[in-house]
Amino acid sequence: MKFEYTITTQNFTTAGEASSNTKKTLKLLGIDSKIIRRAAIMAYEAEMNIAIHSRGGKIQLEIEAHRITIVAEDQGPGIADIDLAMKEGYSTASHEIREMGFGAGMGLPNMKRCADSFDISSTPGGKTRVVMTLNL
Amino acid sequence: MADYFHSVILIEEKCTGCTVCMQNCPTQAIRVVDGKAQITPEKCIDCGICIRVCPYGAKTAVTDTMRDLEAYDIKAAMPSMSFYSQFSQHYSKTKINNALKTLGFDEVIDQSYHAEVLAYHLGNLSEDPQQVKPMISTYCPAITRLIQIKNPELIKNIIPIETPMEVAARLYKEAMAERNPGASVGIFYISQCPAKITSIKKPIGLGRSSLDGALSTKNLYPLLMQILSHREDYSQELTAAYLGENWAILGGQSLTSEIEAAIKVDDIDEVAKILDMAELGKLSGLKFIETYACVGGCVGGPLNVENPFIARYRVESRTRSLSPIDIDEIENNFDFGKLLWDLEIEPIDILGLDKDLSVALEKMDRIDKLLGELPGIDCGACGCPSCRALAEDIVQKKARLSDCVFQKLQGGPKNATL
């Protein structure tokens with residue numbers, strides 16, 4: 001079963017919907033609340049990253065009997081140094097974004113911490129794709 | 001599993017099946033079936049929003065009656081924290097208490113003192129590194145139940161301190177047992193909301209409540225006003241007042257516990273959003289989340305009579321010049337270990353689509369297909385609060401696609417297999 005959520009860049013009114021829908025769906029499926037929490041954090045950080053840093057993108061939620069997969073994919077501009085981006089506290093968010101309480105540099109590390117498997121690929125100037133899974 | 005008690009009930013004769021309560025229920029616990037607004041027991045949190053919004057007065061709270069006092073030798077009233085704010089400042093606390101005694105109570109228990117004692121411990125807990133932050137209190141029982149249902153991962157954030165009403169009732173009974181051995185003591189809460197009534201009849205975190213019953217402020221108010229307006233009270237007795245009375249209003253718990261890193265949230269929909277943020281770990285800098293299901297705090301309770309903003313003004317006026325209880329008095333008289341609730345708070349499992357994940361996934365798939373058949377305007381005419389809720393009910397065999405008026409207009413379901 002697959003769900004897809006479109007994320008518009010710089011739109012903080014709708015950002016958070018992918019996460020709250022993920023939570024509702026998993027709750028309805030009777031998934032354990034600890035796993036729901038981890039999935040909700042992964043989806044939330046991913047959609048915030050897309051809204052803050054990218055030109056827009058989408059989040060896919062796939063639920064199978066043994067696993068949950070969340071794929072976040074955006075339209076660029078890509079990450080120059082992935083190792084640096086994965087460091088806690090490192091952020092390229094603008095001053096304005098930080099004023100709004102976002103961009104603390106914890107997004108990617110948080111996603112990695114919650115996921116059972118985490119894979120990120122990006123080409124500078126191109127797309128970024130994050131694939132995360134949770135075992136059921 | 002049929003182990004639910006709810007104080008909120010439907011008065012069938014008054015219900016017109018208008019769907020207002022269904023559309024406003026924060027947990028989507030109401031369905032209009034055969035023209036009557038039925039409450040789904042496992043989803044109801046007794047917040048009383050439906051009592052407030054029903055245009056026909058068809059939703060109410062089950063309470064005890066004055067006659068129930070007769071079962072006890074000593075009859076005590078415990079007014080809600082917001083009780084005195086329901087009366088004009090013209091009537092002093094002493095006068096109001098005397099009116100309660102005229103009505104049939106022997107004594108009036110003031111829980112605002114205990115609120116202040118608990119506030120001191122709440123403040124201490126906020127400095128304790130062992131305590132999970134941000135802390136959430138059980139003071140608003142509707143929010144505790146909301147967490148049990150929707151945010152079970154936040155149960156560990158709920159502080160283990162009992163509510164002022166339980167502490168006050170238990171200590172009163174202990175004192176009475178010494179003073180009047182053998183006498184039966186009945187404590188009746190005068191309630192501002194159905195959630196408090198439910199927490200007396202079926203407590204969370206406690207095996208049994210120390211209170212014996214509950215009456216509603218709304219029902220007692222006219223009787224008390226009759227007494228107050230027809231009798232001059234020459235009593236010179238001065239009734240003590242405590243800063244703890246601020247627990248009736250939004251911000252009162254944070255104020256009295258002197259916790260600065262606190263966020264104060266009222267209105268159950270806003271509380272739900274804040275709890276979701278807390279669950280995402282987004283409020284980690286905060287020590288305390290003070291929450292109330294009702295706008296303004298307990299002054300906004302559905303069984304109160306006064307406008308919550310006027311009531312708030314009165315609480316602030318009454319408490320402005322008060323000084324806090326002496327810390328030594330609290331330290332010497334109250335053992336922290338005896339102010340804690342004794343049972344674990346468990347999550348309430350609202351059943352998902354199915355216990356078997358593969359069956360649940362199949363049902364989810366059917367819900368998705370059904371949503372394509374439904375108009376998506378959430379009109380409520382089918383008796384469900386949204387098209388999605390109808391789709392879920394259809395899959396769970398609690399409703400049919402033909403319940404949708406748009407389907408009826410089109411001459412029945414397009415896809416007979418659904």
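A salt bridge here is a side-chain nitrogen of Lys or Arg within 4 Å of a carboxyl oxygen of Asp or Glu. Keep that handy for the exercises below.

The model is predicted, so local features need pLDDT of at least 70 and side-chain atom pairs count only at pLDDT 80 or more, while totals for chains, interfaces and linings use all residues. Residues are numbered from 1 along each chain as its sequence is written, chains are lettered from A and ligands numbered from 1 in the order in which they are written, and side-chain values use heavy atoms, with hydrogens and water left out.

**Exercise 1.** Find the salt bridges between chain B and chain A, and look at one of them.

*Solution.* Step 1: the count between the two chains is 3 salt bridges. Step 2: take the one between A:Lys23 and B:Asp276, where the closest N and O atoms are 2.6 Å apart.

Step 1: ask which helices of chain B matter on this side. α5 (141–150), α10 (268–279) and α13 (357–373) of chain B each supply at least two residues of the side that touches chain A; helices are DSSP runs of H or I, at least four residues, and strands are runs of E, at least two, numbered from the N terminus. α13(B) gives the most, with 7 residues.

**Exercise 2.** Describe the size of the interface between chain B and chain A.

*Solution.* Step 1: count residues. 23 residues of chain B are in contact with 21 residues of chain A, contact meaning heavy atoms within 4.5 Å. Step 2: look at area. The size of an interface is often given as the accessible area lost when the parts come together. Here the buried area is about 1,900 Å², and carbon and sulfur atoms give 63% of that; buried area is the accessible area (1.4 Å probe) that two parts lose on being put together, summed over both.

**Exercise 3.** Work out what B:Met225 touches.

*Solution.* B:Met225 sits in helix α8 (residues 217–230) of chain B. Step 2: skip its neighbours within four places in sequence, and B:Met225 is in contact with B:Phe87 and B:Tyr91. Step 3: compare sequence with space. B:Met225 and B:Phe87 are 138 residues apart in sequence, yet 8.6 Å apart in space, C-alpha to C-alpha.

**Exercise 4.** Sort out the strand order in the open sheet of 3 strands in chain B.

*Solution.* Step 1: the order is β7-β11-β10, with parallel pairing; two strands pair if DSSP finds at least two bridges between them. Step 2: β7 (135–136) and β10 (262–266) are the edge strands, each pairing on one side only. Step 3: β10(B) and β11 (residues 288–292) of chain B pair over 5 bridges.
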